[in-house]
Amino acid sequence: MPAAAAAASLVLFAPSRSSSSPRTLRRPSLLPLRRATAAPSRPRTPRLVAVRAAVAIEKETPEEERPETFLRAADGHHGAASASVRARFERMIREVQDEVCAAIEAADGGGKFKEDVWSRPGGGGGISRVLQDGGVWEKAGVNVSVVYGVMPPEAYRAAKGEAVSGNGNSSVKAGPVPFFAAGISSVLHPKNPFAPTLHFNYRYFETDASKDAPGAPRQWWFGGGTDFTPAYIFEEDVKHFHRVQKEACDKFDPSFYPRFKKWCDDYFFIKHRGERRGLGGIFFDDLNDYDQEMLLAFSTECARSVVRAYIPIIERRKDTPFTEQHKAWQQLRRGRYVEFNLVYDRGTTFGLKTGGRIESILVSLPLTARWEYDHKPEEGSEEWKLLDACINPKEWI
């Protein structure tokens, strides 16, 4: 993953793309997490978190009210700046957050989101919303964030894919490079084992030219996706979900759905288990090989497709009777969800290593999960069918 993408993941808690399809199963080497040492608190002085000199961002400050925008004045919602991609993307993710939260509360029938608002002195901030232990939802989190930070020239060169310098000569080392990132990230865990978990994330990233390299071009890209993790397979549900993803993709390029579905299947692979986390969806990252306006419209269409892809399924399944056996299987699958997020999800692991906002980082985890020693579902059972589909991804539409 480009270092710049990792910087964005620190606050957006988004996955990064897998460079290739999984072929062999190898247990990864897990390194101990190193907690960033906080600088002494000083009034009115921003506190930076540095990651092995890779990225620097300011520590967040709690806020009582939501601001109109988290953008800096030059990027804001007034005048010509309001037409910038930064401003329009922030407006989109905040509108989608409102739409998704309203739909979640309506389906729950009583639960309400708890909201935390935070900002950073130099610009940026976010809104974290969590509905916990409701009528339908065990835990539902929907977060938005806007981030300004600085990364070293090595990270910029990695992101750009070539050497960058102040005068075009790669032997000249440019100074630190400012970056901007914005995104929405959500994980929705229902209580009923027949109702699926959903994850979606859409993000936008830019780098600015370093002061030491004023001629360096601005780099930008989009990333994101929506994926579906049931404990039991209802083909009408899976087909409906994938059909909505395909419809959103086909409005822009017919190659998007097959390309991004495979990318999703490859990324959400739990290597030590030899299986996928769920039944896929779409996933893309570092996307900048199309017109910027088209990709902004594509990301917007995908994000606005979440409610119609998911809520009809929840309405069908939220009141389905279930047994303790069904619940136990759901909890085992939730265990797989935890394993992927804590071991492989680069946004989560990067955030944990860098002293990011811990409640936002771990909002993706369910309230409860289960591990049983050497558990194997009976061949031919409904549980076995789900596991088989996670091991052997299918074309659902």
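**Close-ups around helix 8**

Helix 8 and helix 11 run roughly parallel to each other, a label given to angles under 35 degrees. Everything here comes from a predicted model, where local features need pLDDT of at least 70, side-chain atom pairs count only at pLDDT 80 or more, and totals for chains, interfaces and linings use all residues. Residues are numbered from 1 along each chain as its sequence is written, and side-chain values use heavy atoms, with hydrogens and water left out.

**View 1. Helix 8 against helix 11.** The axes of helix 8 and helix 11 (residues 382–391) come within 11 Å and cross at roughly 20°; these axes are lines fitted to C-alpha atoms over the stretch in contact, with angles running from 0 to 180 degrees between N-to-C directions. Helix 8 brings Gln325, His326, Trp329 and Arg333 to the contact, and helix 11 brings Glu383, Leu386, Leu387 and Cys390 (contact means heavy atoms within 4.5 Å). Sorted by type, the residues of this contact are four nonpolar, two polar and two charged. Helices here are DSSP runs of H or I with at least four residues, strands are E runs of at least two, and both are numbered from the N terminus.

**View 2. Arg334, tucked into helix 8.** Arg334 sits in helix 8 (residues 324–343) and counts as buried, at 4% relative accessibility. Buried means under 20% relative accessible area, using a 1.4 Å probe and protein chains only. A polar atom of the Arg334 side chain lies 2.6 Å from the backbone oxygen of Pro190. Beyond neighbours within four places in sequence, Arg334 touches Glu138, His189, Pro190, Thr197, Pro366, Thr368 and Ala369. Look for Thr229 too: Arg334 and Thr229 are 105 residues apart in sequence and 9.3 Å apart in space, C-alpha to C-alpha.

**View 3. Glu138 on strand 6.** Glu138 belongs to strand 6 (residues 137–151) and also counts as buried, at 6% relative accessibility. Its side chain makes a polar contact of 3.1 Å with the side chain of Thr368; such a contact is a pair of N or O atoms within 3.5 Å, and within protein one must be able to donate a hydrogen and the other to accept it, while residues adjacent in sequence count only if both atoms are side-chain atoms. Leaving out neighbours within four places in sequence, the contacts of Glu138 include Lys327, Gln331 and Arg334.

**View 4. Stepping back to the whole protein.** There are eleven helices and twelve strands. Of the 397 residues, 55% are buried.

Note on methods:
Buried means under 20% relative accessible area, exposed over 50%, partly exposed in between (1.4 Å probe, protein chains only). Angles under 35 degrees count as roughly parallel, over 145 as roughly antiparallel, 65 to 115 as roughly perpendicular and the rest as oblique. Ala, Val, Leu, Ile, Met, Phe, Trp, Tyr, Cys and Pro count as nonpolar, Asp, Glu, Lys and Arg as charged, and the others, Gly among them, as polar.
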